[in-house]
Amino acid sequence: MDTVLYNKIISKGGFKKLNKIVYKFTNNAIELVNSMSSNSMENDKNAFLDPFGKIIVVFYQLLDGDDVYIIFNNQFEERFLDHMKKYMKFSKTK
């Protein structure tokens with residue numbers, strides 16, 4: 001979105017709905033996300049891969065203490081949830 005349009009929307013008290021999903025991991029979250037992702041936790045972007053190296057989802061990450069927030073396009077939510085089901089049942093991370 002261009003800056004002029006953004007400023008016009010904000011000046012009128014409006015908002016723009018984004019097509020993003022946010023998930024928060026808690027309870028030993030950094031260790032879990034780090035062990036499952038392809039990039040280091042110091043970077044802004046990361047990805048979850050399947051065992052064959054196929055990309056499940058690319059996401060932005062934010063660390064807040066031991067919590068990890070990930071943000072990605074909502075079109076990949078089902079794929080993300082299917083992938084995470086396999087691993088979350090063996091983890092204390094929520």
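Figure 1. An α-helix has 3.6 residues a turn, so residues three or four places apart point the same way. Helices (H or I, at least four residues) and strands (E, at least two) are DSSP runs numbered from the N terminus. The structure is a predicted model, in which local features need pLDDT of at least 70 and side-chain atom pairs count only at pLDDT 80 or more, whereas totals for chains, interfaces and linings use all residues. Residues are numbered from 1 along each chain as its sequence is written, and side-chain values use heavy atoms, with hydrogens and water left out.

Figure 2. Helix H3 comprises 12 residues (residues 77–88), which at 1.5 Å a residue should span 16 Å; its end C-alpha atoms are 15 Å apart, which agrees. The expected span is 1.5 Å times one less than the number of residues in the helix. Within helix H3 lies His83, which counts as buried because its relative accessibility is 4%. Residues up to four places away in sequence being set aside, His83 touches Met36, Phe48, Leu49, Asp50 and Ile56; contact means heavy atoms within 4.5 Å.

**Figure 3. Helix H2 and its buried side.** Ala29, Leu32, Val33 and Met36 are the buried residues of H2. They cover an arc of only 90° around the axis, which puts them on the same side of H2. On the other side of H2, Glu31 and Ser35 are exposed. Elements that cover the buried residues of H2 include E1, E2, E3, E4 and H3.

Figure 4. E1 and E4 run antiparallel and are joined by six bridges; two strands pair if DSSP finds at least two bridges between them. Lys20 stands opposite Asn73 of E4. E3 and E4 also run antiparallel, with five bridges joining them. Ile70 in E4 is the bridge partner of Gln61. A hairpin is formed by E3 and E4, with two residues between them, and Gly65 in the turn has a positive phi of about 65°.

Figure 5. Apart from neighbours within four places in sequence, Gln61 is in contact with Val33, Ser40, Met41, Glu42, Asn43, Asp44, Asn46 and Tyr69. With its neighbours within four places likewise left aside, Leu62 contacts Asp67, Val68 and Tyr69. From C-alpha to C-alpha, Gln61 and Glu42 are 9.1 Å apart in space and 19 residues apart in sequence. Leu62 and Lys24 are 38 residues apart in sequence, with 9.4 Å between their C-alpha atoms.

**Figure 6. The protein chain as context for the close-up views.** The protein chain contains three helices and four strands, which follow the pattern α-β-α-β-β-β-α along the sequence. Its C-alpha atoms fill a box of roughly 50 × 30 × 20 Å, taken along the principal axes. The radius of gyration is 16 Å, whereas a compact globule of 94 residues would have a value near 12 Å; the radius is taken over C-alpha atoms, and the globule rule is 2.2 Å times the number of residues to the power 0.38. Of the 94 residues in the protein chain, 26% are buried. Among contacts with a separation of 6 or more, 51% are between residues 24 or more positions apart. The accessible surface amounts to about 6,800 Å², of which 54% belongs to carbon and sulfur atoms. Accessible areas come from the Shrake-Rupley method with a 1.4 Å probe, and for residues only the protein chains shown count as cover.

Notes. Buried < 20%, exposed > 50% of the residue type's maximum accessible area, 1.4 Å probe, protein only. Arc of directions from axis to C-beta.
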